[in-house]
Amino acid sequence: RITSKYDTASIIYNLALTEARRGNDPAREGFILTNIGDVFRLRINVDSALFYFNKAIVITGRLNDNSRRGFVLVNQGDLYRFIGKNPDAMRCYNSAIDAAEKAGDKRRIAHCHVSMADLYSGQQKFDKALPHLQKALSISSEIGEKQTYAWAMQAAGETYRKTKQTDSAIFCFQKSIATSKEINQSLRLAGSLIYLSDLFVDLKQYDSAFVYAHEGLKVAEENEDPTNIGEANRIIGMILTKKGKHSEALPYALRALQIGKENSVPWLISGAANTLSEIQSATGDYKNAFENHILFVEQQDSIEGKEQYQRLAAAEYEAKESTLKAEQARKEATLESDKARQQQQIERQRFLIWIAVGGAVLLGGLLFVALRAYRSKQRANLIIAEQKQQVEAQKLLV
């Protein structure tokens, strides 16, 4: 799964699932279901991914297994983020962090912070993205978790690129590339190479951009990674167009557009269509240039509409989160007040008990003293009576 060999991963996971059920091992079953769901997530099969994630959540909840519950929740959050359901994604990430903290799973906490940073970056909220990335990098460095470190560096590089902090962006991309090569993480490697290529395009350093785009394309093709293959082709076509090499650029732009349509990736379709329109205008193919310009505009409207929806959804989530926090604070204040009243009642009852005990002890002491006095008086009366009888007897003798 990690090396993007999804067909082989699915076969092995299903064999493992059969064995887990045969061995009556629900903990292992929940873990395997999560991984199967993640394979479907990576293949952009949303319905199947959600089906397996939900089954895994039921099992991990029943077992009170916070470690695996955090794992399934963060993957489910990534899926919701991919399909634009940001409030659902944020809910999953927060729940995943809560579960991971209970389990002491720092790797999962770091993963959640990168995912939350990606979510905020997609909404152009870079000021909120960077603190999450810094937490992820700190945690992954502390525990030596290189996969998450490479991912966080890639995300930080893209965030710095979008905020025009070029030196920081290059540093982060190069760190991500080096770490991805070290751990043989080909999917992350291809992405970081292509991101770095895009950065050099921004800087109009087309030769450097061309080298990194080709390197990223090679890695993506070796791993049959359609999204990165399409993106690398788009960038190479754009670079060649900028250099005026329109005949060389055309096949790359056409391939990028085809992959974008086959995989329903709006931003890839948009970029490829825009490059094609520029190439065709330059070569006198005005009819196709116009059609691709229309396609570019349509896809941009789709992207902007989706982004607008995401921004509105995020605003709605933040408003709800603020309300929930205020409600939680009110409940906590009420609870503290109730606790204070209960404590006062306990103290009052304890005081009354001590008074009662003290009164009982005092009363017992008084009764004891009175009883002793009563018995002493009785003895004195007996002695007086005996003495009186003796006197009377002596009188009789006289």
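**Exercise 1.** Work out why H111 counts as buried, and find which residues it is in contact with.

*Solution.* At 14% relative accessibility, H111 counts as buried, because buried means under 20% relative accessible area, with exposed over 50% and partly exposed in between (1.4 Å probe, protein chains only). This is a predicted model, in which local features need pLDDT of at least 70 and side-chain atom pairs count only at pLDDT 80 or more, while totals for chains, interfaces and linings use all residues. Residues are numbered from 1 along each chain as its sequence is written, and side-chain values use heavy atoms, with hydrogens and water left out. Finally, once its neighbours within four places in sequence are set aside, H111 is in contact (heavy atoms within 4.5 Å) with V74, D78, T148 and W151.

**Exercise 2.** Describe how helix α13 and helix α14 cross.

*Solution.* Begin with the axes, which are lines fitted to C-alpha atoms over the stretch in contact, with angles running from 0 to 180 degrees between N-to-C directions. Those of α13 (residues 246-262) and α14 (residues 266-282) come within 8 Å and cross at roughly 150°. That makes α13 roughly antiparallel to α14, a term for angles over 145 degrees. Turning to the residues, those of α13 that meet α14 include L250, L254 and L257, and their partners include L268, I269 and L276. Sorted by class, this contact has 14 nonpolar, 3 polar and 1 charged residues.

Terms used
Helix = DSSP H or I, 4+ residues; strand = E, 2+ residues; numbered from the N terminus. Parallel < 35°, antiparallel > 145°, perpendicular 65-115°, else oblique. Nonpolar A, V, L, I, M, F, W, Y, C, P; charged D, E, K, R; others polar.
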